[in-house]
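Visitor: I have the sequence and the model open side by side. Could you walk me through how to read the features?

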Amino acid sequence: MDPQNVKSNLVLILDYGSQYTHLITRRIRSLSVFSLCISGTSSLKSIVDLKPSVIILSGGPHSVHSPGSPSFPDGFVEYVESNGVFVLGICYGLQLIVQRLGGVVRVGEKQEYGRMEIEVVRACGLFGSKEVGHKQTVWMSHGDEAAELPEGFDVVARSQQGSVAAVENRERRFYGLQYHPEVTHSPEGMETLQRFLFDVCGVDAGWNMEDVLNEEIKLINGMVAPDDHVICALSGGVDSTVAATLVHKAIGDRLHCVFVDNGLLRYKERERVMETFERDLHLPVTCVDATDQFLSKLKGVVDPEMKRKIIGKEFISIFDAFGQDLEHKHGKKPVYLVQGTLYPDVIESCPPPGSGRTHSHTIKSHHNVGGLPKDMKLKLIEPLKLLFKDEVRELGRILNVPQAFLKRHPFPGPGLAVRVLGDVTQGNALDILRQVDEIFIQSIKDAGIYDSIWQAFAVFLPIRSVGVQGDQRTHSHVVALRAVTSQDGMTADWYNFEHKFLDDVARKICNSVRGVNRVVQDITSKPPSTIEWE
């Protein structure tokens, strides 16, 4: 998907490190407006090339007074004013606008964090028909405050402590909010964003998945020559399946799918996935058993980032070999590799503004983003890399991918390697984990709650605990159960099972899986944790 070819207006978000930045992107897309998030320290050329109609400066953990604090590039103000681009600063973004345009930002006498009440003090575009005196609850998170506004700016709302809560300069098209309208803790926040985009900026709501599908097919056909062959890495998950179906629709049987059994799959995953591919999706799929290849390279490796890098490298070596076989068969070596990379994968694999690098903090390298070797021979086609998971599922529905496939919980590219903490080849950890995971997931399905959960899985912990089984003392393994709810995987809450369900599952695991005598539950949200343990 090429942002320049999107019919609706692009809303570009410059990311300064807020944990909520991706939510701005999601909220705007939910209004049928295409939005993209790039580093707040991107070059002016990067911004200009995208031709945005609106730019939003995100919040962030920095102070504009700190040495090296991130900012928009020189020439930014001149560019937006000469091209009629609207700018909205949120929290840190508001303070950047104030400071860079000649105002004064200082450390607040009273910091404002959490729920606060603000009051409209001037009729304005941001709050539309809200009358002066209208009050609303918002989510604050700032220590600095705007003390003196640049010339031409008006205060349009204040907090109950008297601090500046919203500003605007209609003539110069600059607006600012000292709170987070994108979070649910600001109940009227979506209304404010909607009014800003449609009433103030005049953006058109014309972005939809049908347009994305047609645009992707057009891009793929323009990229892949009529006699080129393409390899697709199928994992059996939603992302790679939708990506494969989309590319197959574009180029037909010149797409060659390969499913790799790397020895890190779930219980009977290989048999179940291959059956579904053949029965429901009618995709041309070759299964490669590379169990020994992967596990031999992972032996003794405990660092999760190293695991991901090794797995990414081995996948590519298999695809290269698969490509050579296709070359012998068709007389031309495949040039491209299709992967189901999503937007959260791209975001989480990039570093933070103000760190000397760019973009938001590198949470982990995804094997199909940061884990790829630099000398990879195949060029990538990633038709989903600007989409969130729920958008991919919608695209899958349009492509008639079976609902059972679209509803599958996400499964990490590195597989069980990141669910066995430590060395995956140690003892029978993989076999134990497969059995525990199967019991857990099947119990969730039997309880009728599978579709209410974003992701559920078991984790093998590198510890042993003392227990009593069959009147004998045991010193056996500990497993953890993890289940979360989420909309896009960028933030998540732990799923609150009924106590009886947990009791039944724990008993079943300890009674059925030899070598396990303790079951614990992970009840941590994201943030502070990630969904996966590694």
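Visitor: Which residues of H12 are buried?

Guide: Buried means under 20% relative accessible area, exposed means over 50%, and partly exposed is in between (1.4 Å probe, protein chains only). In helix H12 (residues 389-398), the buried ones are Lys-389, Glu-391, Val-392, Arg-393, Leu-395 and Gly-396. As a general idea, an α-helix has 3.6 residues a turn, so residues three or four places apart point the same way.

Visitor: What covers those buried residues of H12?

Guide: The cover includes H1, helix H6 (209-223), helix H7 (238-251) and helix H13 (403-406).

Visitor: What does Arg-26 touch?

Guide: A contact means heavy atoms within 4.5 Å. Leaving aside neighbours within four places in sequence, Arg-26 is in contact with Phe-388, Asp-390, Glu-391, Gln-487 and Asp-488. With residues up to four places away in sequence not counted, Arg-27 touches Glu-182, Thr-184, Met-190, Leu-193 and Gln-487. Look at Met-190 there: Arg-27 and Met-190 are 163 residues apart in sequence, yet 7.5 Å apart in space, C-alpha to C-alpha.

Visitor: How many bridges join S15 to S16?

Guide: Two strands pair if DSSP finds at least two bridges between them. Strand S15 (residues 455-469) and S16 run antiparallel, joined by 12 bridges. Within that pairing, Val-466 stands opposite His-475 in S16. The two strands form a hairpin with 2 residues between them, and Gly-470 in the turn has a positive phi of about 65°.

Visitor: Which way does S18 run relative to S16, parallel or antiparallel?

Guide: Parallel: 5 bridges join S16 to strand S18 (residues 516-521), and His-477 stands opposite Val-516 in S18. S16 also pairs with strand S17 (residues 493-494), in the antiparallel sense over 2 bridges, with Thr-485 opposite Asp-493 in S17. Strand S16 (residues 472-485) is mostly covered, with 10 of its 14 residues buried.

Visitor: How many residues of H14 are buried?

Guide: 13 of the 18 are, so H14 is largely enclosed by the rest of the structure. The expected span of a helix is 1.5 Å times one less than its number of residues. H14 (residues 429-446) reaches 26 Å from its first C-alpha to its last, close to the 26 Å expected. Just after H14, Gly-448 takes a positive phi of about 75°.

Visitor: How many disulfides are there?

Guide: A disulfide is a covalent bond between the sulfur atoms of two cysteines; the cut-off here is a pair of cysteine sulfur atoms within 2.5 Å. A search of the whole structure finds 0. The sulfur of Cys-232 is 4.6 Å from the closest cysteine sulfur, in Cys-257, too far for a bond. Cys-232 is buried, with a relative accessible area of 0%, and Cys-257 is buried at 1%.

Visitor: Where does pLDDT stay under 50?

Guide: pLDDT is the predictor's confidence in each residue, from 0 to 100. It stays under 50 over residues 351-370, for which the model has 80 contacts beyond four places in sequence. Where pLDDT is low, the predicted coordinates should not be read in detail. The protein chain averages a pLDDT of 88, and 92% of the residues score at least 70. Among its elements, helix H11 (residues 343-348) has the lowest mean pLDDT (71) and H14 the highest (98).

Notes:
Residues numbered from 1 in each chain as written. Predicted model: local features only at pLDDT ≥ 70, side-chain atom pairs only at ≥ 80, totals over all residues. Heavy atoms only, no water. Helix = DSSP H or I, 4+ residues; strand = E, 2+ residues; numbered from the N terminus.
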